[in-house]
Amino acid sequence: MLSATRTFFSLPALPALRSARMDPLITVLGATGTGKSKLAVDLASRFNGEIINGDAMQMYRGLPIITNQIPIDERNGVPHHLLSCIDLDAEAWRIGLFKREALRIIDDIRSRGKIPILVGGTHYYTQAVLFRDQLVGEGVDDEGEREQLTEFSSTSKQWPILDEPADVLLEKLREVDPVMAARWHPNDGRKIRRSLEIFFQTGRPASEIYNEQKAQKKEALTQDEGLLRFPNTLVFWVHSDKEILNARLDARVDDMIEQGLMTEAQKMSDYLQEQAAQGVEVDTTRGVWVSIGFKELAKYFEAVRQGELSEKELEDMKRNSLELIRTATRQYGSSQVKWIRNKLWRALTEAGETRRLYLLDSSKVQDWSECITEPSEKIVQLMLQNEATPDPKSLSQLAADEFGAKEAQVRPPKDGIDICYTCETCNKTLAGEDQWNIHLNSHMHKRGLKSASKRKLRDEYFRQKELEALEGAENTKKAKQASEDAS
């Protein structure tokens with residue numbers, strides 16, 4: 001890794017960020033365990049800021065360990081908004097509600113002469129604040145977040161068909177929105193279901209809404225309004241090497257266990273039992289009930305309650321549950337990185353604002369000051385002074401590699417919506433033109449074409465032989481008939 005202090009001004013500076021008025025927004029993103037909360041507190045302490053939590057699970061009160069809330073003694077007296085603010089039985093906030101409340105808080109913070117700092121764990125929360133007119137459903141199609149929160153969330157109680165298998169859903173989608181039906185792979189039931197949800201909730205095809213909002217984006221760019229909600233925006237991506245982060249996350253889960261993760265999970269399990277005893281059905285497929293740490297232990301607590309397993313069986317079950325928590329935490333971290341690399345980068349690219357994203361390498365905790373504190377504070381200071389900021393690739397080797405790879409992949413945006421393609425030769429369905437082109441050039445497809453060609457020649461050969469045999473039999477029959485007639 002290159003030293004941040006050695007490379008910070010080693011490359012030419014970018015033009016100063018445009019500003020109609022000084023209303024900055026600092027956003028801190030990254031995988032769980034990389035140090036987002038610490039950086040946010042550092043920046044808030046240095047620049048008179050207040051923090052807005054953008055993690056759906058951390059909004060729940062009474063569960064600081066399972067939801068990974070920053071301890072009070074590490075907040076340095078900095079006010080934290082939307083943190084530990086809703087009850088256990090509350091539904092997780094939909095995107096629209098979070099956006100409205102976050103924007104209200106941002107205005108309030110600025111009215112008091114302070115700087116708002118948005119810290120995201122649920123990235124479709126933060127992206128809804130960062131950008132104007134996000135597409136319907138964008139943020140829940142692909143991923144990887146702890147739960148799918150959408151502006152148009154619905155339940156199968158309202159539309160029972162949503163509980164049907166993917167093939168039934170796809171057939172219905174073909175009726176109401178053939179464009180979206182052509183886009184999704186037949187086996188991708190979640191995305192097919194989502195498109196139907198949008199239609200049921202809005203009464204309009206999702207494809208129509210997508211195209212309308214894409215047109216609005218183009219118009220905003222044409223009118224030079226910009227797609228970023230706030231002109232003076234900085235986004236810090238706290239990132240670590242994958243192997244280092246995974247080891248750190250495993251250790252973090254161990255720390256959570258020591259700090260009382262089991263106690264909090266037991267509390268949640270007891271709450272469900274109390275509600276059930278009162279005849280109250282809790283939807284455990286949403287909200288805090290899908291948080292990592294509880295859902296992996298739920299069956300263990302149920303087994304303890306039933307008392308049918310031996311002590312050894314219970315201990316084995318507990319150990320397996322804790323290992324599932326470690327695995328889920330690593331997977332969640334990977335999904336958060338994937339979101340930044342794909343969804344956020346694409347949104348910034350469409351807005352022409354990739355220079356707003358700064359990767360800070362937190363792989364070496366001992367180098368925090370050099371790799372995180374110094375460059376982040378310098379960048380914020382430059383923005384506040386409306387001066388030129390450095391090239392994001394100049395901060396570290398990790399940043400240079402990451403952004404260099406993304407820039408090399410840049411392709412012009414496509415108009416319209418991708419569709420699925422079916423290869424009759426290989427009996428395979430591909431989602432999107434890119435995957436289709438990859439398949440056409442793959443060894444599997446070429447082998448399939450060769451095999452299909454051989455089968456065609458073989459079938460033609462046997463068909464010809466069959467015709468010759470039939471013709472021979474017919475000739476023999478005619479000759480015999482002619483002989484009989486002559487006699």
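Two strands count as paired if DSSP finds at least two bridges between them, and strands themselves are DSSP runs (E, at least two residues), just as helices are runs of H or I with at least four residues, both numbered from the N terminus. The model is predicted, so local features need pLDDT of at least 70 and side-chain atom pairs count only at pLDDT 80 or more, while totals for chains, interfaces and linings use all residues. Residues are numbered from 1 along each chain as its sequence is written, and side-chain values use heavy atoms, with hydrogens and water left out.

**Exercise 1. Work out the order of the strands in the open sheet, and identify its edge strands.**

Solution. Step one is the order: 6 strands form an open sheet that reads β3-β2-β4-β1-β5-β6, with parallel pairing. Step two is the edges, which are β3 (80-81) and β6 (357-361), each pairing on one side only. Helix α4 (residues 123-130) lies across β1, β2 (49-54), β4 and β5 and runs at about 155 degrees to β1, whereas helix α14 (residues 397-408) lies across β5 and β6, at about 135 degrees to β6. Such angles run from 0 to 180 degrees between N-to-C directions, the axes being lines fitted to C-alpha atoms, for helices over the stretch in contact.

**Exercise 2. Describe the neighbours of strand β1 and decide whether its residues are buried or exposed.**

Solution. Begin with the partners: β1 pairs in the parallel sense with strand β5 (residues 233-239) over 6 bridges, and with strand β4 (residues 115-120), also in the parallel sense, over 3 bridges. Next, find the residues that face each other: Leu25 stands opposite Thr233 in β5, while on the β4 side Ile26 is opposite Ile117 and Thr27 is opposite Leu118. Then turn to accessibility, where buried means under 20% relative accessible area, exposed over 50%, and partly exposed in between (1.4 Å probe, protein chains only). In a regular strand the side chains alternate between the two faces of the sheet. Here both faces are covered, with Leu25, Thr27 and Leu29 buried on one side and Ile26, Val28 and Gly30 buried on the other. Because 6 of the 6 residues of β1 (residues 25-30) are buried, the strand is largely enclosed by the rest of the structure.

**Exercise 3. Characterise the packing of helix α10 against helix α11.**

Solution. First take the geometry: the axes of α10 (residues 261-277) and α11 (residues 298-306) come within 10 Å and cross at roughly 65 degrees. The two helices are therefore roughly perpendicular to each other, a class that covers 65 to 115 degrees, beside roughly parallel (under 35), roughly antiparallel (over 145) and oblique (the rest). Finally list the contacts, in which Met262, Ala265, Gln266, Ser269, Asp270 and Gln273 of α10 meet Tyr300, Phe301, Glu302 and Arg305 of α11.

Note on methods:
Contact = heavy atoms within 4.5 Å.
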